[in-house]
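Please look through the sequence and the structure shown below before reading the report that follows.

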Amino acid sequence: MRTQVGIIGAGPAGLFLSHLLHRAGIECVVVEAQSRPYVEGRVRAGVLEPGTMETLEMLGLDARMRREGMVDEGLDIRFRGKNIHLDLPGLTGKRVMIYGQQEVVKDLIGARLEASQPLLFEAKVSRLSDLDGDRPKIHFSHDGRDEVLECDYIAGCDGFHGVSRQAPPPGHIINYERVYDFAWLGVLSRSRPLGDMTYSNSDRGFALCSRRSNAVSRLYLQIDANDDHTSWSDDRFWGELHARMFDEDRTEIVEGEIFQRDIARLRSFVASPMQYGRLLLAGDAVHITPPAGAKGLNLAVADVRVMAAALIEFYRTGNKSRLNGYSEKCLDRVWRTVRFATMLTGLLHRFPEHSAFERNLQLTELEYILGSRAAQTTIAEQYVGTPLDLT
Ligand code: FAD
Ligand code: DHB
């Protein structure tokens, strides 16, 4: 089998890339380890920055998002029973969109299959070869057979646990990492959500109330990294959420049937450089931001916009300078985004190792933000995301 660009992974990075290339007349094959229902059912991020919305629009795939997504204009941060309200359009002139990652993924998969473009599910990549040569190869199994896909370039979009990042020779890619001692327990509940995205830093830990529709709430609690689902009954979850949101009399947050749960360990991670030979890496395969700030999906889209522009230039002109500069171009945004998400994580969570001194500093920082429009603007402009630089 042969193609121009072999894409490993049908998450947001791989799927967006496949559409950007197809639109420019570049052939690609997407190879995904999991089944279609599994990929479409995976509940994850929910906040789309303007750059991500524009990318969907540019691809002509924004119709359902415009219909079903929810424009978000406010971000609240609660602490000590007080509330910081960030008026996003007032502070930045921009808004974000709440539209679940799995809905974006469904839209991208549907459109690719409708256009009869190759997307193989249950096709697990085992290794890559010849990354240094002109014809790098993807080795995978599909329908019980071992297959080889020969490419001009390989896009490693296979997430944190994929094989691409491990493929270059040892020592070429350096990992920079911080793993936290806590995780987020996320649930979907059939209940009316709060009007604004609301984070809370309480003495009992972090909580977040987000939404997916007028009737579905997406709710998160900071939990211990060693906790599992069984230690969190529905009653315990609701009790803790009310308490952490300063809703002690349980009148504000509406409870409902919890129909989905997931736990994500928090981590800040950057692998650099994001390329080796004819392998280009994007998304969670090379960086993880802790979830506060909702950046993971948006950063994956920013990477593949840069990658697509570089590949398009190469196929149109033969010029490789953008391809050679791919990693350097992306890493600037990657580090700025990881810095923001890491800063928000530090501002909003309870750290078991914090002394009373450090806890007081954290609360004083929140008091400062409450009283300073400049500090609110700093957070708001990073939350809505900076424009993509494709020069
Ligand atoms: P992924 O979405 O991970 O896609 C990678 C794809 O590659 C997967 O479909 C995988 O099956 C496939 N793959 C892996 N190995 C192979 C192989 N060997 N062969 C073929 N295919 C392979 N971000 C937020 O902003 N807010 C959140 O609330 C949030 N929650 C999250 C919860 C969880 C549990 C996780 C893991 C992430 C969460 N994120 C969140 C981050 C966000 O969802 C990711 O940043 C985003 O999915 C990145 O997209 P991606 O395409 O790079 O990677
Ligand atoms: C959501 C996820 C986040 O990580 C976040 O910071 C805000 C919202 C969400 O899933 O809606």
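## Strands, helices and ligand shells

Strand S1 (residues 5-8) pairs with S2 in the parallel sense over 4 bridges, where pairing requires that DSSP finds at least two bridges between two strands and where helices (H or I, at least four residues) and strands (E, at least two) are DSSP runs numbered from the N terminus. This is a predicted model, in which local features need pLDDT of at least 70 and side-chain atom pairs count only at pLDDT 80 or more, while totals for chains, interfaces and linings use all residues. Residues are numbered from 1 along each chain as its sequence is written, and chains are lettered from A and ligands numbered from 1 in the order in which they are written.

Within this pairing, Val5 stands opposite Cys28 in S2. From strand S2 (residues 28-31), Cys28 and Val30 point one way and Val29 and Val31 the other way, and all are buried (20 or more other C-beta atoms, placed from the backbone, within 10 Å of a residue's own).

Around ligand 1 there are 33 residues, the closest being Gly9, Gly11, Gly159, Gly283 and Gly296, counted when the C-beta atom, placed from the backbone, lies within 6 Å of the molecule. Among the elements that give two or more residues to this shell are helix H1 (12-23) and helix H8 (296-317). The residues around ligand 2 include Ala45, Met197, Arg218 and Pro291.

The table divides both shells by class, with Ala, Val, Leu, Ile, Met, Phe, Trp, Tyr, Cys and Pro as nonpolar, Asp, Glu, Lys and Arg as charged, and the others, Gly among them, as polar.

| Shell | Nonpolar | Polar | Charged |
|---|---|---|---|
| Ligand 2 | 7 residues | 3 residues | 1 residue |

Terms used: Buried ≥ 20, exposed ≤ 12 C-beta atoms within 10 Å, placed from the backbone.
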